[in-house]
Amino acid sequence: MSAEELADFLGIPLNTVYIWNHRNQGPRAHKVGRYLRYRWPEVEAWLEAQAVDRTV
């Protein structure tokens with residue numbers, strides 16, 4: 001998916017996606033030409049890692 005699609009999916013500003021990429025945060029990005037692309041399984045794994053533990 002594109003950076004724009006990721007921002008829409010997560011409900012965050014597009015600029016946040018670019019900042020995450022610059023800071024090596026967020027889901028892993030892949031450069032395709034001059035574009036950032038994200039793989040669904042990697043986005044889902046990153047989201048799962050962000051889950052809050054409510055068992056405490």
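Let's begin on the surface, where Phe 9, Trp 40 and Leu 47 make up a nonpolar patch with about 290 Å² of accessible area together. Patches take residues with over 30% relative accessible area and no salt bridge, joining nonpolar side chains within 5 Å; areas come from the Shrake-Rupley method with a 1.4 Å probe, and a salt bridge puts a side-chain nitrogen of Lys or Arg within 4 Å of a carboxyl oxygen of Asp or Glu. Bear in mind that this is a predicted model, in which local features need pLDDT of at least 70 and side-chain atom pairs count only at pLDDT 80 or more, while totals for chains, interfaces and linings use all residues. Residues are numbered from 1 along each chain, and side-chain values use heavy atoms, without hydrogens and water.

Trp 40 belongs to helix 3 (residues 40–49); helices are DSSP runs of at least four residues (H or I), strands of at least two (E). Its relative accessible area of 42% makes Trp 40 partly exposed, that is, between buried (under 20%) and exposed (over 50%).

Now turn to helix 1 (residues 3–10), whose buried residues are Ala 3, Leu 6 and Ala 7. They fall within an arc of 100 degrees seen down the helix axis, so they line one face; the arc is taken from the directions from axis to C-beta atoms. Their cover includes helix 2 (14–22), strand 2 (35–37) and helix 3.

Finally, His 30 sits in strand 1 (residues 30–32) and is buried, at 17% relative accessibility. Its side chain joins that of Glu 42 through a polar contact of 2.9 Å (N or O atoms within 3.5 Å, one able to donate a hydrogen and the other to accept it).

Terms used: Buried means under 20% relative accessible area, exposed over 50%, partly exposed in between (1.4 Å probe, protein chains only). Patches are made of residues with over 30% relative accessible area and no salt bridge: like charges are joined within 9 Å, nonpolar side chains (Val, Leu, Ile, Met, Phe, Trp, Tyr) within 5 Å. Contact means heavy atoms within 4.5 Å.
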